[in-house]
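Dear colleague,

Please find below the structure that I am handing over to you, together with its sequence.

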Amino acid sequence: MRETRWLSSWKWRLAASLLLVGGLGGALLAAPAMAADATLVSAVHVPPDGSAGKPLYVALHGLGSDEHDLLELAPLLPQNVVFASLRAPYTLIPGHYAWFASRHVGDRLDGDPAQIQASEKAVLRTVDALVAKYHVDPHRIVLFGFSQGAIMSYDLALAAPTRFEGIGILSGAFFDSVKARLGSTAERVPTHVFIGHGLADQRIPPTYAREAADWWRAHGARVELHMYPAMQHEISQQELTDFKLWLQAQ
């Protein structure tokens with residue numbers, strides 16, 4: 001019962017954050033002034049017996065949130081791993097962050113390509129810094145995200161496919177502009193992909209999840225797709241359970 005109450009509270013804070021910044025996703029208010037070697041703000045949970053040789057989970061939050069929201073998922077997922085939740089580099093309003101400005105290309109969801117790639121580079125620098133600092137196993141890194149963070153996870157998986165053992169997509173979209181970055185079907189993609197999406201999601205239509213699953217399977221990935229009938233744009237307890245089982249199998 002403690003986990004259920006806690007999750008309800010977390011979902012309420014996330015929903016409130018999204019409502020607060022609703023309509024601002026298309027125009028970011030502050031761009032990052034980052035040095036070429038700068039890393040992102042991170043909240044990190046380390047197991048009691050240390051971090052050396054452990055797997056690393058890297059979490060990317062959704063629009064209008066920060067590094068603390070997804071860090072609070074750590075107690076509900078597999079233990080004995082280093083869990084790092086990163087803060088996006090663009091500021092909507094103080095305390096609320098984004099990975100990129102949203103846009104439409106025709107009738108399709110998409111994002112500002114320069115901002116997506118700037119965020120991508122910042123995440124990869126931060127992952128490198130985390131590996132060096134905590135001495136985790138560099139071959140056992142799982143990247144996952146919610147909403148905008150899930151979209152970034154797709155992008156990063158193509159930008160650096162050998163860096164991640166798998167990716168977890170929670171209520172995300174696979175942009176056509178990101179797909180176009182894969183120059184050849186012979187190039188590597190991460191082997192394991194988890195995709196979870198609510199059929200009642202009115203922010204990112206569930207068709208994006210099905211399309212993404214088909215694309216990744218066609219490119220050689222082992223995809224686990226879960227569609228949740230009553231779930232909206234959120235993370236449900238059932239999705240967390242399924243995601244935990246998938247992580248344990250990696």
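In this predicted model, residues 24 or more positions apart account for 78% of the contacts with a separation of 6 or more. The protein has seven helices and eleven strands. Of its 250 residues, 53% are buried. I have arranged the remaining findings by topic.

Aromatic pairs

Eleven aromatic pairs are present in the structure. One of them is formed by Phe194 and Phe243, whose rings are tilted, with 5.1 Å from centre to centre and 50 degrees between the planes. This pair links distant parts of the chain, since Phe194 belongs to strand S10 (residues 192-198) and Phe243 to helix H7 (residues 237-248), 49 residues apart. Phe194 and Phe243 are both buried. A second pair involves Trp215 and Trp216, and here the arrangement is edge-to-face, at 5.2 Å centre to centre with 65 degrees between the planes. Trp215 counts as buried because its relative accessibility of 15% is under the 20% cut-off. Trp216 is likewise buried, with a relative accessible area of 0%. Ring pairs also join Phe83, Phe144, Phe194, Phe243 and Trp246 into a cluster.

Packing of helices H3 and H4

Helix H3 (residues 113-134) packs against helix H4 (residues 148-159) at an angle of about 70 degrees, and their axes are 10 Å apart. The two helices are therefore roughly perpendicular, as the range for that description runs from 65 to 115 degrees. On the H3 side, the contact is made by Ile116, Ser119, Glu120, Val123 and Leu124, and on the H4 side by Met152, Asp155, Leu156 and Ala159. Six of these residues are nonpolar, one is polar and two are charged.

Helix H3 also contains Val131. Val131 and Gly53 are 78 residues apart in sequence, yet their C-alpha atoms are 9.7 Å apart in space. With neighbours within four places in sequence left aside, Val131 is in contact with Leu56, Val136, Pro138 and Ile141.

Where in the chain is His61 found? His61 is in the loop between strand S2 (56-60) and helix H2 (67-71). Its relative accessible area is 1%, so His61 is buried. The His61 side chain reaches the backbone nitrogen of Ala88 at 3.0 Å. Ala88 is also among the residues in contact with His61 when neighbours within four places in sequence are left aside.

Two serines with positive phi

Most residues other than glycine have a negative phi. Ser147 is not a glycine but has a positive phi of about 60 degrees. Ser147 is found in the loop between strand S8 (141-146) and H4. With a relative accessible area of 8%, Ser147 is buried. Ser171 has a phi near 60 degrees, again a positive value in a residue other than glycine. Ser171 lies in the loop between strand S9 (166-170) and helix H5 (176-179). Its relative accessible area is 0%, so Ser171 is buried.

Ala209 in helix H6

Ala209 lies in helix H6 (residues 207-218). Is Ala209 buried or exposed? Its relative accessibility is 1%, and Ala209 therefore counts as buried. Ala209 and Ile169 are 40 residues apart in sequence and 8.8 Å apart in space, from C-alpha to C-alpha. Not counting residues up to four places away in sequence, Ala209 touches Ile195, His197, Leu225 and Met227.

With kind regards

Note on methods:
Residues numbered from 1 in each chain as written. Predicted model: local features only at pLDDT ≥ 70, side-chain atom pairs only at ≥ 80, totals over all residues. Heavy atoms only, no water. Phe/Tyr/Trp six-rings, centres within 6.5 Å; stacked < 30°, edge-to-face > 60°. Helix = DSSP H or I, 4+ residues; strand = E, 2+ residues; numbered from the N terminus. Buried < 20%, exposed > 50% of the residue type's maximum accessible area, 1.4 Å probe, protein only. Axes fitted to C-alpha atoms, helices over the stretch in contact; angles between N-to-C directions. Parallel < 35°, antiparallel > 145°, perpendicular 65-115°, else oblique. Contact = heavy atoms within 4.5 Å. Nonpolar A, V, L, I, M, F, W, Y, C, P; charged D, E, K, R; others polar. Polar contact = N/O pair within 3.5 Å; in protein donor to acceptor, adjacent residues only side chain to side chain.
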